Amino acid sequence: MTATIAAGCTLVGSQAASATTLHDGLNYSGDSYGADNSTWVGSLNDRATSIKNYGYTISWFNDVNYGGDGLRTYNDYNDLRSVQDWQGYNWNDRISSYKRS
Ligand SMILES: [Ca+2]
């Protein structure tokens, strides 16, 4: 089954309506952490290297409790080293909190 719910986002099979998931490895591998919203991503703090949003728009943040530098997106990213903030720093191993928005 395939369902399209937003521009550029395709959900396949049983993965529909999933929580945003952080992974410490490239391409959604390694240790993971999942939740719809999170004031602190626990063991994945400052470790996330890939992220799946399943079509939801979220804002992620450098600091806990939605603090510090942030980025709003609905994309999935298999390598956060390629995603830069407004200062030119990449987002690998930085995310500490996020929320749907
Ligand atoms: Ca951080």
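In what order do the strands of the open three-stranded sheet lie, and is their pairing parallel or antiparallel? The order is E7-E6-E8, and the pairing is antiparallel. Strands E7 (67–73) and E8 (97–100) form the edges, each pairing on one side only.

The model is predicted; local features require a pLDDT of at least 70 and side-chain atom pairs count only at pLDDT 80 or more, while totals for chains, interfaces and linings use all residues. Residue numbers start from 1 along each chain, following the sequence as written. The pLDDT, the predictor's confidence in each residue on a scale from 0 to 100, averages 88 over the protein chain, and 83% of the residues score at least 70. Over residues 8–16 pLDDT stays under 50, and the model has 13 contacts beyond four places in sequence for this stretch. Where pLDDT is low, the predicted coordinates should not be read in detail.

The protein chain contains eight strands and zero helices. Both element types are DSSP runs numbered from the N terminus, with at least four residues for helices (H or I) and at least two for strands (E). Of the 101 residues, 25% are buried, a term that requires 20 or more other C-beta atoms within 10 Å of the residue's own, with C-beta atoms placed from the backbone. Two residues are in contact if their C-beta atoms, placed from the backbone, lie within 7 Å. Among contacts between residues at least 6 apart in sequence, 58% join residues at least 24 apart.

Two strands pair if DSSP finds at least two bridges between them. Strand E6 (residues 58–63) pairs with E7 in the antiparallel sense over five bridges. Phe61 has Gly70 in E7 as its bridge partner, and Trp60 has Leu71 in E7. Three residues lie between the strands of the E6 and E7 hairpin, in which Asn65 takes a positive phi near 55 degrees. The antiparallel pairing of E6 and E8 extends over four bridges, and Ser59 has Lys99 in E8 as its bridge partner.

Ile51 belongs to strand E5 (residues 50–52). Ile51 is classed as buried because 25 other C-beta atoms lie within 10 Å. Not counting residues up to four places away in sequence, Ile51 touches Thr20, Leu22, Asp76, Tyr77 and Leu80. The C-alpha atoms of Ile51 and Tyr33, 18 residues apart along the chain, are 9.6 Å apart.

Terms used. Buried ≥ 20, exposed ≤ 12 C-beta atoms within 10 Å, placed from the backbone.
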